[in-house]
Amino acid sequence: MRRPWRSGNAGDAIARVIAVGLGLSLLALGGLLIYELVDESWQSITEFGLGFITGTTWDPVAREFGAAPAIYGTLVSSLIALILAVPVSLGAAIFLSEIAPPWLRNPFSFLVEMLAALPSVVLGLWGIYVLIPWVRDFLERSTLGHLSFIPLFSGPPFGLGMLAAGLILSIMILPIITAISRDVMLAVPTSQREAMVALGATKWEVISGAVLPYCRSGLVGAVILGLGRALGETMAVTMVIGRGYNITASLFRPASTAASAVASEFNEASYSLYISALVELALILLAITLLVNIVARLLVWRIARSPGLIRE
Amino acid sequence: MSISTYQRRRTTNALMLGFCAVSAFLAVGVLVLILGFVLAKGISSLNIDLFTKMPVPEGEPGGGVANSMVGSLITVGLAAVIGIPIGIGAGIFLSEYAGPRLGDVVRFTADVLTGVPSIVIGIFVYGLVVLRMGNFSALAAGIALAIIMLPIMARSSEEMLRLVPQSQREAALALGISRWRTILSVVIPVAQRGLVTGALLAIARAAGETAPLLFTALGNRFLSLSATGGPIDALPLRIYRYATGPYSEQHQQAWAASFVLVLAVFVISLTARLLLRRR
């Protein structure tokens, strides 16, 4: 449908300029976003240089800002979320696209999409009053607590901390990875499946031999999109992670992510260097998520370009 | 093929299909669990004061979150007024005007922008609007939410406009109708329902956003009706403040407010989906 017509009158010229302007506004917005964040964090960038990224001390009272603990917290909590959510999401996506009968598929898909629409702050509220006590009493005091010889599971049972943040993130990215993977799998041509069936393959062999290899890059893209969401997720994480600035192996300890640090400290930042450092933290977060999203979009675009309506 | 190979294949098949089914039930189970809890807690904490009264000073009993609801309506309303027209315009550009190369660049930018964390958008608008205007405001919050809605709107509008058959455009053009008239009077009306669906989903997304409001709306205890005149409250902000505070009175209200927010978001998303299905 590329330009089957030629524009001839003034109205057309005006409409064209408006449409092109609005389309390009997206590009302008992207550029302005980066410019504004760099501009606002310039004081911190010039003051700390690269030491900001490697510095391990975050101490506003001493005017010392190192982003390493927050970056570490961001990566580790997202990694926990991926480890927990990916197998379940892919399983659920396979179930929804390949296995479930239609009467089950539609309500399930609907429910998964509703979970994606749940506001993050509400999930955080649930996290504080249901997840945290469960993590503290069940995971940290009894089950995982018995494994305290492993550094990951050592430390006092606060409930608040990296483990809770990872868990709540896994709940948040589960519907996203599921919905996109399902779309990607549905885009696999039926002929691919029929070829396997004709060879006498079982249902699982059709899935593992034809469907999954065909859409592999799309599935990787779906997982990376989930990762992008986990890295930048703010409210629910801020409410359960407990605000600590140490790099320790223990998952039971309070930690911070870049997003949670900005959310919980920005309004109390009392001098310009502090604000600037927080903006630089947001800039680093933006850089990470841009990178992750660009990779993910390129992978998903190879399979399916249309956005599902719930796509984040 | 030996019997044992056949057995092994069947066992693998059963195990893997079983795992997928369990995963799906787990995913849905988590939702039902969370949703059930929020609804049950919310309903039991709900009362009429929530809708009619302002928040009281910390520690005092009673009060409501009427100002937050009004604030949410104002901020999300401003976001819709700013974000929807620009988003639809960008969608029209993508589906009707853009050449393949520029189109893909804009499309890709939009897709990547949807992945920018909302808190980063909040910081961005803080610098862009709040610092320049000199105060927190509903307008700043509306702009932040509009930026979140914009790429979603652009992509969903494009998708819906593309569904309009090319023959309809050609029919209009063959009658000598100019191109912009064709888009306005033929293409958009045909795609109308899809556009409304996209707009509703974008609104639902914006209504639940909290992080960008922290630095733009800020929140306060009083009823504010001004777009530019200072801090304004919003439902997600109020839930955040109450949930993280120490008072059980406030926790109750956080649950009740969550119930209202979830209900609003779900009703909007549901309406959007029903609209699309009834085509």
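Chain A has a mean pLDDT of 88, with 94% of its residues at 70 or more; pLDDT is the predictor's confidence in each residue, from 0 to 100. This is a predicted model, in which local features need pLDDT of at least 70, side-chain atom pairs count only at pLDDT 80 or more, and totals for chains, interfaces and linings use all residues. Residues are numbered from 1 along each chain as its sequence is written, while chains are lettered from A and ligands numbered from 1 in the order in which they are written.

Helices here are DSSP runs (H or I, at least four residues), as strands are (E, at least two), numbered from the N terminus. Over residues 308-312 of chain A, pLDDT stays under 50, and the model has 14 contacts beyond four places in sequence for this stretch. A contact means that the C-beta atoms of two residues, placed from the backbone, lie within 7 Å. Where pLDDT is low, the predicted coordinates should not be read in detail. For chain B the average pLDDT is 91, and 99% of the residues score at least 70. The complex receives an ipTM of 0.91 and a pTM of 0.91 from the predictor.

The contact between the chains takes 79 residues from chain A and 80 residues from chain B. On the side of chain B that touches chain A, helix H1 (residues 3-45) of chain B gives the most, with 19 residues. That side of chain B divides into 53 nonpolar, 19 polar and eight charged residues. In this classification Ala, Val, Leu, Ile, Met, Phe, Trp, Tyr, Cys and Pro count as nonpolar, Asp, Glu, Lys and Arg as charged, and the others, Gly among them, as polar.

Within chain B, the domain assignment, which is automatic or from a database, gives domain 1 (13-45) and domain 2 (50-277). Their C-alpha centres lie 28 Å apart. Six residues of domain 1 of chain B and seven residues of domain 2 of chain B make the contact.

Helix packing can be followed in both chains. Two packed helices are described by the angle between their axes and the distance between the axes. Axes are lines fitted to C-alpha atoms, for helices over the stretch in contact, and angles run from 0 to 180 degrees between N-to-C directions.

In chain B, the axes of helix H8 (residues 179-208) and helix H11 (residues 248-277) come within 8 Å and cross at roughly 165°. H8(B) is therefore roughly antiparallel to H11(B), given that angles under 35 degrees count as roughly parallel, over 145 as roughly antiparallel, 65 to 115 as roughly perpendicular and the rest as oblique. Residues that meet here include B:Leu200 and B:Ala204 in H8(B) and B:Val265 and B:Ile268 in H11(B). By class, this contact of H8(B) with H11(B) has 13 nonpolar, five polar and one charged residues.

In chain A, H5(A) and helix H7 (residues 162-186) pack at an angle of about 135°, with their axes 8 Å apart. H5(A) and H7(A) are therefore oblique to each other. A:Val112, A:Glu113, A:Leu115 and A:Ala116 of H5(A) make the contact with A:Pro175, A:Ile176, A:Thr178 and A:Ala179 of H7(A).
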